[in-house]
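Here is a friendly conversation for anyone meeting this structure for the first time.

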Amino acid sequence: MYSTRCHNRITYLCPSIYSMHKSNISIDVYLDEQKVPEQIKWKASDSNADMEQIAKAMMVAFWDGADKSALRIDLWTKDMMVDEMADFYYQLLMTMADTFNRATNQPEMSADMKEFAKAFMQKFKKSQLQQNQ
C-alpha cells in the first residue's frame, strides 16, 4: 500500500464551503422506449460554449476513497458506430496515460499505457479489415 499524494494535487480545508467556487456539469440522456440512449447532451457552467453539446458516447468515473473502488457511468447512443467506439477508447486511453503521468509523475508507465493504446488500435484495425473481407 502507498500513501504518496498525487503530484501537484494538495487539498486544503476551507473555513467555509461557501467561499469555494462551484462548477456544474449537467448531462441529459434521452432514451427510446426500450431505454436505449438515443441522444446525449451536456453542458458545463464554466465552459465557453453557450449551447448544450451533443455527444454519441460518454464515460464518467468517480473514485470512492472510502471503499477504494471506481464507480463509473458509460453510455453510448444507438447510432454510435463500432469504428467510432474504437477511436473513442483509443483517445481515452491516450488521455488517461497523460493524466496518470501528471498525477503520479511516472512517465515510463504513461509511455507503456500509450504503447498499449497504439497496439489496441492497430489490432482493432486489423480485425476490422479481416471482418470486411
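The questions and answers below go through this predicted model step by step.

Student: What pattern of helices and strands does the protein chain follow along the sequence?
Tutor: Nice place to begin! The protein chain has 2 helices and 5 strands. Read along the sequence, the order is β-β-β-β-β-α-α.

Student: How much of the protein chain is made up of buried residues?
Tutor: A residue counts as buried when its relative accessible area is under 20%. In this protein chain of 133 residues, the buried share comes to 14%.

Student: Are helix H1 and helix H2 roughly parallel or roughly antiparallel to each other?
Tutor: Two packed helices are described by the angle and the distance between their axes. Here, H1 covers residues 82-104 and H2 covers residues 107-131, and their axes come within 8 Å and cross at roughly 170 degrees. Angles over 145 degrees count as roughly antiparallel. H1 and H2 are therefore roughly antiparallel.

Student: How many nonpolar residues does the contact of H1 with H2 have?
Tutor: Let's sort the contact of H1 with H2 by class.

Student: Which strand gives the largest share of the nonpolar patch?
Tutor: The patch on the surface is formed by Ile25, Ile27, Val29, Leu31 and Trp42, and together they have about 440 Å² of accessible area. One of them, Ile27, is partly exposed at 37% relative accessible area, and Ile27 has its place in strand E1. With 4 residues, the largest share of the patch comes from residues 25-31, that is, from strand E1.

Student: How many salt bridges are there by this rule?
Tutor: Side chains of opposite charge can pair when their charged atoms come close. The rule asks for a side-chain nitrogen of Lys or Arg within 4 Å of a carboxyl oxygen of Asp or Glu. By this rule the count of salt bridges is 6.

Student: How many residues apart in sequence are the parts that Lys78 and Asp32 tie together?
Tutor: Lys78 and Asp32 form a salt bridge, with their closest N and O atoms 2.6 Å apart. Lys78 sits in the loop between strand E5 (69-76) and H1, while Asp32 sits in the loop between E1 and strand E2 (37-44), so the separation in sequence of the parts they tie together is 46 residues.

Student: Which residues are linked with Lys78 in a network of salt bridges?
Tutor: Besides its salt bridge with Asp32, Lys78 meets the side chain of Glu38 in a salt bridge at 3.2 Å, N to O. This pair also links distant parts of the chain, as Glu38 is in strand E2, 40 residues apart from Lys78. Glu38 is partly exposed, with a relative accessible area of 41%. The residues linked with Lys78 in the network are Asp32 and Glu38.

Student: Where is Lys56, the salt-bridge partner of Glu84?
Tutor: The side chains of Glu84 and Lys56 meet at 3.1 Å, N to O. Both count as partly exposed, Glu84 at 28% relative accessibility and Lys56 at 32%. Glu84 is in helix H1, and 28 residues apart from it, Lys56 lies in the loop between strand E3 (53-55) and strand E4 (57-64).

Student: What is the phi of Lys35?
Tutor: Lys35 is found in the loop between E1 and E2, and it counts as exposed at 65% relative accessibility. Lys35 is a residue other than glycine, yet its phi is positive, near 65 degrees.

Student: And what is the phi of Lys68?
Tutor: Look in the loop between E4 and E5 to find Lys68. Lys68 is exposed, with a relative accessible area of 57%. Although Lys68 is not a glycine, its phi is positive, at about 55 degrees.

Student: What separates the C-alpha atoms of Asp79 and Gln39?
Tutor: Asp79 lies in the loop between E5 and H1 and is partly exposed, with a relative accessible area of 41%. Asp79 and Gln39 are 40 residues apart along the chain, and the separation of their C-alpha atoms is 9.0 Å.

Notes: Residues numbered from 1 in each chain as written. Predicted model: local features only at pLDDT ≥ 70, side-chain atom pairs only at ≥ 80, totals over all residues. Heavy atoms only, no water. Axes fitted to C-alpha atoms, helices over the stretch in contact; angles between N-to-C directions. Parallel < 35°, antiparallel > 145°, perpendicular 65-115°, else oblique. Nonpolar A, V, L, I, M, F, W, Y, C, P; charged D, E, K, R; others polar. Patch = residues over 30% accessible without salt bridge, like charges linked within 9 Å, V, L, I, M, F, W, Y side chains within 5 Å. Areas by Shrake-Rupley, 256 points an atom, 1.4 Å probe, with all protein chains shown as cover. Buried < 20%, exposed > 50% of the residue type's maximum accessible area, 1.4 Å probe, protein only.
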